[in-house]
Amino acid sequence: MVIHVVCFKFRNPADMDKGISMLKALEGNIDGLISMDVGRDFLHSGRSYDIGLVAKLQDREALGRYANDPKHVRVKEYIKTVMTNSVSVDFEV
């Protein structure tokens, strides 16, 4: 199994709800995507990001399919227009 973690910082907090909804809509709609948890940060510390997501995928091949799936690409394109920064990590468990 592969765990895909991404954290985003947004320019405008008003854009976060749409981003969260779009990300959550991917669950159950991409082959190999087992689950997708998405939520807002509540600590608001100096090192916090606004939104975090944890996706579980079947394997590395599923991560590749997810990355290139048109549904995911549309979400990624939207988020790129409203975010200021993102970080990610992918690892196998």
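Two strands count as paired if DSSP finds at least two bridges between them; helices (H or I, at least four residues) and strands (E, at least two) are DSSP runs, numbered from the N terminus. This is a predicted model, in which local features need pLDDT of at least 70 and side-chain atom pairs count only at pLDDT 80 or more, while totals for chains, interfaces and linings use all residues. Residues are numbered from 1 along each chain as its sequence is written, and side-chain values use heavy atoms, with hydrogens and water left out.

An open sheet of 4 strands, paired antiparallel, has the order β2-β3-β1-β4. Because β2 (33-40) and β4 (83-92) stand at the edges with a single partner strand each, one side of each has no neighbour in the sheet. Within the sheet, β1 (residues 2-10) and β3 (residues 51-57) run antiparallel and are joined by 7 bridges.

Helix α1 (residues 16-24) lies across β1, β2 and β3 and runs at about 165 degrees to β2. Helix α3 (residues 70-82) lies across β1 and β4, at about 135 degrees to β4. Contact here means heavy atoms within 4.5 Å; axes are lines fitted to C-alpha atoms, for helices over the stretch in contact, and angles run from 0 to 180 degrees between N-to-C directions.

Phe8 has Ile51 as its bridge partner in β3. Phe8 is buried, with a relative accessible area of 8%, where buried means under 20%, exposed over 50% and partly exposed in between (1.4 Å probe, protein chains only).
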